[in-house]
Amino acid sequence: MQPLYNPPSTYVKADPGTRFLAALIDGIVIYVPIFLFASINYRLVVLAYLIALGYQLTKDALPEVGGFLGGQSIGKKLMKIKVIKEDTGQGILGDYGTAIVRQVSLMIPVFGLIDALMVLGDERKRFGDKWAKTIVVKA
């Protein structure tokens, strides 16, 4: 009997450069609205930060919107990579708990930088990936 999913070993892990570019794109996606809201009215910055935080924490689990996203952040979609669970090989679409666990490590001052640099290692996994039991692969 064949498994109903592709085992993670058949996937090709995303390279660090691609992951960095996807993170850079997501950073732009997060900060542009903050600057736009601030230019309209500085009081809107708090709302913009809350929206940005929500996107940052859940971006890899968001549903498909107009043929976009669908379990990939905007940066990951553009760079053709995605997050999958180690044990099943399935994406994390709708799994907000896993998405949040992956991102928490990046939000800890100083530790976030160390965490981000871990993708340069042989495993190509951050602490967030290890904690959430996920891997980032080519889509």
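P16 is in contact (heavy atoms within 4.5 Å) with V119, L120 and R124, leaving aside its neighbours within four places in sequence. The place of P16 is in helix α1. This is a predicted model, in which local features need pLDDT of at least 70, side-chain atom pairs count only at pLDDT 80 or more, and totals for chains, interfaces and linings use all residues. Residues are numbered from 1 along each chain as its sequence is written, and side-chain values use heavy atoms, with hydrogens and water left out.

**Overall build**
- The protein chain has six helices and four strands. Helices (H or I, at least four residues) and strands (E, at least two) are DSSP runs, numbered from the N terminus.
- From the N terminus on, the order of elements is α-α-β-β-α-β-α-α-α-β.
- The C-alpha trace spans about 60 × 35 × 25 Å along its principal axes.
- Of the contacts with a separation of 6 or more, 61% join residues 24 or more positions apart.

**Surface and interior**
- The protein chain exposes about 8,200 Å², and carbon and sulfur atoms supply 68% of this area. Accessible areas come from the Shrake-Rupley method with a 1.4 Å probe; for residues, only the protein chains shown count as cover.
- Buried residues make up 35% of the 139 residues. Buried means under 20% relative accessible area, exposed over 50%, and partly exposed in between.

**Helix α1 and the annotated spans**
- Helix α1 covers residues 16–40 and includes L36.
- An unreviewed UniProt entry places "transmembrane region" at residues 20–40 and 100–120. Such annotations may be inferred rather than shown by experiment; positions follow the numbering used here, and feature names are shortened.
- Residues 20–40 are 100% helix and 0% strand, with end C-alpha atoms 31 Å apart.
- Residues 100–120 are 57% helix and 0% strand, with end C-alpha atoms 22 Å apart.

- The C-alpha atoms of P16 and L117 are separated by 8.9 Å, though 101 residues apart along the chain.
- Q103 lies in helix α4, residues 96–104. Q103 is buried, with a relative accessible area of 2%.
- Leaving aside neighbours within four places in sequence, Q103 is in contact with Q56, L57, K59, D60 and R126.

Technical notes: Buried means under 20% relative accessible area, exposed over 50%, partly exposed in between (1.4 Å probe, protein chains only).
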